[in-house]
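Here are some friendly notes to read alongside the model. Please keep the sequence and the structure open as you go.

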Amino acid sequence: MGARTWRAGWRWLFLAAVLGSARSEGVQSCEEVRKLFQGRLAGALRGLPDAPRAGPDLQVCISKKPTCCTRKMEERYQVAARQDLQQVLQTSSSPLKLLISRNAATFQETLETLIRQAENYTSILFCNTYRNMALEAATSVQEFFTDVGLYLFGADVNPEEFVNRFFDSLFPLVYNHLINPGVTDNSLEYAECIRVARQDVSPFGNIPKRVMGQMGRSLLPSRTFLQALNLAIEVINTTDHLQFSKECSRALLKMQYCPHCQGLTLSKPCMGYCLNVARGCLAHMAELNPHWHTYIRALEELSNAMHGTYDVEHVLLNFHLLVNDAMLQAHVNGHKLLEQVNKICGHPVRTPTQSPPCSFDPNKEKHGMKISVRNGEETLANRRKDFINSLRPYRSFYGGLADQLCVTELAAASGLPCWNGEDLVQSYTQRVVGNGIKAQSGNPEVKVRGSDAVINQIIDKLKHVIQ
């Protein structure tokens, strides 16, 4: 006897044994069904059949044979079948959700660190090079980087406005300490006049515009990247808790628990049968797949584009150098600026002043920054690259989800006896449909109607973030 013939014979013997055992058990007792119902569903044994009997009131698990189920059991099984599928969905999406949520948290934490580091660099610049105005500049520096953080993390603030606000507030300090130092009018009215005059006299040349350009080009992609990751988490959370239709719930019950009614407590659905039920139940979810695929590709393209002046890490950590260039330019053009300010604001009422000392400890901060500086392998760009590489295998996640659930979790192994919705058989003979709503018109197990409003809303959000 050849190995192939032996294996085929063994399978048929196994099928006959299972069928015979199940039918014999089904005729004699419902004890195993009662135990599983109580243990798995925490159902009360009271009112459950001890032996198979007719079930004329059953709605889904209808059979010509005697049954171990009652209408109440059927209702409980239907709830359990929905919960089982939801649990399997959550288990399948868990690695993807963990990958995205962990990286979203890491990127936000890294950006927060970069903002603090860039603020420290700028504060050290004032303390080391412009010590006499450092304390007065501290509030402007702090407010600027607070606005940077607010914008990056989704607040409705305008980069052009907070860049202008920073240089406007800086000009009176530069005027008082670099252009017209010594005894200077410190009145609020005069300082306000100088602040307003900044955009007319352009003391810092084109540097404010350069900063605006760099901030706009680098902050927006990073802000969008974070928003996109948070949207991905929302998509997964939504699909993890999607409400199944009545037709789907009935099909799940028939596939998962109706065999229990015949005493077939160990049976699993045939692969083709499982695919039809899963593809029918997840048809609306499969509509996400092309948009999810495009979303991941767009995320990858965005990440690849975030370098040079589009790299937030480079822009933030070099901001203090542009501030220094701006101060030097104002100092070099000091005589011209003095004349322009006098013409616009008048001559100051000169009163003796003394600049407060710098309260920032540059040595302490320098030490802190040396610890936090990352090597080449730990840059934000490399972290993004590693994340995208890990995300890429999930591009077709929603398109292959039904198949994955059947292959890894739900269906019987190839060649073994399996449940076809009515009995244990060697193979499923009905047509197996494809994925997506259009393919379900010929589904023999689940009727799929219309579109799903929740899925449509998620698709619209994905389209928006892709743009």
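In which hand of crossing, left-handed or right-handed, does α12 pass α19? The crossing is left-handed, meaning that the near helix is turned anticlockwise from the far one by less than a right angle (clockwise would be right-handed).

1. A word on the basis. This is a predicted model, in which local features need pLDDT of at least 70, side-chain atom pairs count only at pLDDT 80 or more, and totals for chains, interfaces and linings use all residues. Residues are numbered from 1 along each chain as its sequence is written, and side-chain values use heavy atoms, with hydrogens and water left out.

2. The α12 and α19 pair. The axes of α12 (residues 289–305) and α19 (residues 453–466) come within 10 Å and cross at roughly 25°. That makes the two helices roughly parallel (angles under 35 degrees). Contact (heavy atoms within 4.5 Å) involves H291, W292, T294, Y295 and A298 of α12, and I459, L462, K463, V465 and I466 of α19. These residues divide into 7 nonpolar, 2 polar and 1 charged.

3. Helix α18. In α18 (residues 401–410), L401, A402, L405, C406 and L410 are buried (under 20% relative accessible area, 1.4 Å probe, protein chains only). They fall within an arc of 135° seen down the axis, so they line one face of the helix. Their packing partners are α3 (71–129), α8 (246–256), α10 (271–281) and α11 (283–286). On the other side, V407 and T408 are exposed (over 50%).

4. Residue S202. S202 sits in the loop between α6 (188–201) and α7 (207–240). Its phi is near 50°, a positive value in a residue other than glycine.

Conventions:
Helices (H or I, at least four residues) and strands (E, at least two) are DSSP runs, numbered from the N terminus. The arc is that of the directions from the helix axis to the C-beta atoms. Axes are lines fitted to C-alpha atoms, for helices over the stretch in contact, and angles run from 0 to 180 degrees between N-to-C directions. Angles under 35 degrees count as roughly parallel, over 145 as roughly antiparallel, 65 to 115 as roughly perpendicular and the rest as oblique. Ala, Val, Leu, Ile, Met, Phe, Trp, Tyr, Cys and Pro count as nonpolar, Asp, Glu, Lys and Arg as charged, and the others, Gly among them, as polar.
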